[in-house]
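Please keep the model in view while working through the numbered points.

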Amino acid sequence: MKKSDKYLIELLYASIKEDYYPSNDIEDIDFERILKISSISRVANCVYYGLLKLEKETLDKVPNLDKFKQECLLYGVKEKIQETEIVDIINAFNKENIDILFFKGYVLKYIFPKIDMRVMGDIDFLVEKKDIEKAQKVLENIGFTKDSILEFNVEVSYKRNIEVELHKKLSTAELKYFDDAWKYKEKFLNYSNTYTLEPHFHFVFLLSHALQHVKHGGLGLKYPLDFYLYLTKYDLDFNKIKKDLVKNKLDKFAKLILLLCNKWFNLSLEKYIDFIGDFKVDDKVMETFEIFILSGGEYGVNRNIYSVQKAAQKNKFKFLLSKIFKPFRYVVKIDHPKWWQYLLLPYYYLRYWFIFFILRGKQNVKKAKHYVNDDKDISDLERLFRSIDVK
């Protein structure tokens, strides 16, 4: 890792660890790089809190401190707006006696030293299937408008001053393990009808969700922060969830996350020794994972996305054909009845091919060349993926 990247990790650790202070030796530190990387990962506000722990004389030498401060203020305002919106939703759902279950960001923000440190793009919550239509009407009645039906028809996205995702089930990864989410509910906040997930079950889900981000080209710096703080807040018994992690092919990824949290944030591995066992990653694989996190943000830049797709597939040309002839469920993203979707199947594919070849032709040609050509970065990613069973 570059010196500036290491210092970025140091600042993040300082922001979440009360008794840790970053080094005041900032010679040769590229703060523009730190701002760029932290911004795409949406942790620039955490970096600012870390910077504030520097000695004043050192802090005054940070060339772009105002930019970090501005991002921090913007995230703070956004958090206040989100909180107001969520309280309105909770009150409206409680009035109609609809149970609401929060997960991911809105729950995780409460494990950070300051709740505005955990930036959220949207708010995810789950309602029982029997309440889904009623929940949609409640959202519309308080001014939210339907934005989109997302893949697998799992989520309905709504917008008012913020965006929320109303989930019919927990996971878009179609893992049956998460279908029984309501069995793992526990009370959340001081509202009736308001829940979150039991910590062990939630942890397995967070791992699954993070791995989906990896498969799509990005992980970002928020996730290592989330996992470190989660592991330090909750006394997780890995013997309790080991079977579930193995069943869902998350065990090796969980071990890699533990090793990363140890390296970046000094997480003690003493109580995880039995779980980690003989799992090891060499320095090169760990470095590849670190670069992947730093370079792609949580949603992935083009380079990462292409590289991940290439590294995860075996037959290059078969993979290219799969991009041209996509499965039906990826081509249809319109909220029509199933019979109507199948009737319009030729139209859907013609529309997809027009976009694929005509509107995005040049971009897709570049992608195809990248898929076919071999390069060193791909072999490093393939080694990383093999070590955590990503296919």
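1. Which residues are exposed on the other side of helix α18? They are Pro 346, Leu 350, Ile 358 and Leu 359. Please bear in mind that the model under discussion is predicted.

2. The buried residues of the helix α18 are Tyr 348, Tyr 349, Tyr 352 and Phe 356. Because these four cover an arc of only 95 degrees around the axis, they lie on the same side of α18.

3. A second topic is the packing of two helices. The axes of α2 (residues 31-40) and α5 (residues 65-95) come within 11 Å and cross at roughly 20 degrees. Because angles under 35 degrees count as roughly parallel, α2 is roughly parallel to α5. The crossing of the two is left-handed.

4. On the α2 side, the contact is made by Phe 31, Glu 32, Ile 34, Leu 35, Ser 38 and Ser 39. On the α5 side, Lys 67, Phe 68, Glu 71 and Tyr 75 take part.

5. Finally, the protein as a whole has 20 helices and 7 strands. Of its 391 residues, 52% count as buried. Among contacts with a separation of 6 or more, 70% are accounted for by residues 24 or more positions apart.

Definitions and conventions:
Residues are numbered from 1 along each chain as its sequence is written. This is a predicted model: local features need pLDDT of at least 70, side-chain atom pairs count only at pLDDT 80 or more; totals for chains, interfaces and linings use all residues. Side-chain values use heavy atoms; hydrogens and water are left out. Buried means under 20% relative accessible area, exposed over 50%, partly exposed in between (1.4 Å probe, protein chains only). The arc is that of the directions from the helix axis to the C-beta atoms. Axes are lines fitted to C-alpha atoms, for helices over the stretch in contact, and angles run from 0 to 180 degrees between N-to-C directions. Angles under 35 degrees count as roughly parallel, over 145 as roughly antiparallel, 65 to 115 as roughly perpendicular and the rest as oblique. A crossing is left-handed if the near helix is turned anticlockwise from the far one by less than a right angle, and right-handed if clockwise. Contact means heavy atoms within 4.5 Å.
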